[in-house]
Amino acid sequence: MHSTITVLLQVCDEILRSVNNSQIVILILLDLTKAFNLVQHDILLAKMKYYNFTDSAIKWFKSYLSSRQQQVCLKNMADTKISSTATVETGVPQGSILGPLLFSLYLADIVTVIKHSKHHFYADDTQLLISGSPSLIQSKVKLLNYDLRAID
């Protein structure tokens with residue numbers, strides 16, 4: 001993971017380098033909508049085990065993620081409406097210090113399926129970039145599509 005500015009500088013540099021070498025560039029920008037809400041707890045905890053988190057740490061994170069509840073409160077000048085409480089089944093707490101870290105851990109293995117294109121990550125955004133000779137555009141599109149299917 002990198003900062004937004006670092007990633008943008010890297011991508012711009014790669015594009016300019018390719019264009020200076022008379023190559024075509026294909027850039028795909030992936031933005032996961034409500035990405036932090038999509039994290040499945042059982043998968044995240046399994047990844048923690050894979051990455052050798054201790055059993056006690058995994059137990060703590062399981063407790064941290066499970067049994068969370070939410071409700072909505074709407075207030076106006078004359079009235080307040082409060083929804084019923086709902087259990088949160090997926091996702092990581094947003095606005096927390098751990099939320100982005102847990103999300104990064106959840107997506108850490110995505111790099112293992114990207115085989116043909118350069119990739120950059122920041123927050124919930126992913127960029128795939130592939131370049132080459134204009135005569136190879138069809139094969140480059142196929143390779144990029146292969147990576148997109150693997151991510152999916």
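Leaving aside neighbours within four places in sequence, which residues is Ser 18 in contact with? I looked that up first, and found Gln 23, Val 25 and Ser 131 (contact means heavy atoms within 4.5 Å).

**Ground rules.** I am working with a predicted model, where local features need pLDDT of at least 70 and side-chain atom pairs count only at pLDDT 80 or more, while totals for chains, interfaces and linings use all residues. Residues are numbered from 1 along each chain as its sequence is written, and side-chain values use heavy atoms, with hydrogens and water left out.

**Entry 1: helix 1 and its end.** I placed Ser 18 in helix 1; here helices (H or I, at least four residues) and strands (E, at least two) are DSSP runs, numbered from the N terminus. Ser 18 has a relative accessible area of 7%, so I noted it as buried. My scale for that is buried under 20% relative accessible area, exposed over 50%, and partly exposed in between, with a 1.4 Å probe and protein chains only. Val 19 is also found in helix 1, but its 48% makes it partly exposed. I then checked Val 19 against Gly 132: they are 113 residues apart in sequence, yet 9.5 Å apart in space, C-alpha to C-alpha.

Helix 1 covers residues 4-20 and lies across strand 1, strand 6 and strand 7. It runs at about 160° to strand 6; axes are lines fitted to C-alpha atoms, for helices over the stretch in contact, and angles run from 0 to 180 degrees between N-to-C directions.

Entry 2: In what order do the 3 strands of the open sheet come? I read 1-7-6, with antiparallel pairing; two strands pair if DSSP finds at least two bridges between them. Strand 1 (24-31) and strand 6 (118-122) each have a single partner strand, so they stand at the edges and one side of each is left without a neighbour in the sheet. From one strand to the next the twist averages 15°.

I went through the pairings next. Strand 1 and strand 7 (residues 125-132) are joined by 8 bridges, and strand 6 pairs with strand 7 over 5 bridges. Gln 127 of strand 7 turned up in both pairings: Leu 29 stands opposite Gln 127, and Gln 127 is also the bridge partner of His 120. I also noted Leu 30 opposite Thr 126.

**Entry 3: strand 7, buried or exposed?** I found 8 of its 8 residues buried. In a regular strand the side chains alternate between the two faces of the sheet. In strand 7, Asp 125, Gln 127, Leu 129 and Ser 131 point one way, while Thr 126, Leu 128, Ile 130 and Gly 132 point the other way.

**Entry 4: two serines with positive phi.** Ser 22 has a positive phi of about 60° although it is not a glycine. I located Ser 22 in the loop between helix 1 and strand 1, and at 56% relative accessibility it counts as exposed. Ser 67 likewise has a positive phi of about 60° without being a glycine. Its place is the loop between helix 3 (55-65) and strand 2 (68-70), and Ser 67 is exposed at 67%.

**Entry 5: Gly 91.** This glycine sits in the loop between strand 5 (86-88) and helix 4, and counts as buried at 0% relative accessibility. Not counting residues up to four places away in sequence, Gly 91 touches Phe 36, Asn 37, Leu 38, Val 39, His 41, Leu 65 and Arg 68. I also logged Phe 103, which is 12 residues from Gly 91 in sequence and 8.7 Å from it in space, C-alpha to C-alpha.

**Entry 6: the largest pocket.** I noted about 280 Å³ of space in it. A pocket is an open set of points on a 1 Å grid over the protein atoms alone, with protein on both sides within 12 Å along at least five of seven lines, and lining residues have an atom within 4 Å of a point. Which residues lie nearest its centre? Of the 14 lining residues, they are Leu 32, Leu 107, Ile 110, Ile 151 and Asp 152. Helix 4 (98-107), strand 7 and helix 5 (137-151) are the elements that give two or more residues to the lining.

Methods. On a 1 Å grid over the protein atoms alone, a cavity is a set of points where a 1.4 Å probe fits but cannot get out, and a pocket is an open set with protein on both sides within 12 Å along at least five of seven lines; lining residues have an atom within 4 Å of a point. Grid points are joined across faces, edges and corners, and a volume is the space filled by probe spheres set on the points.
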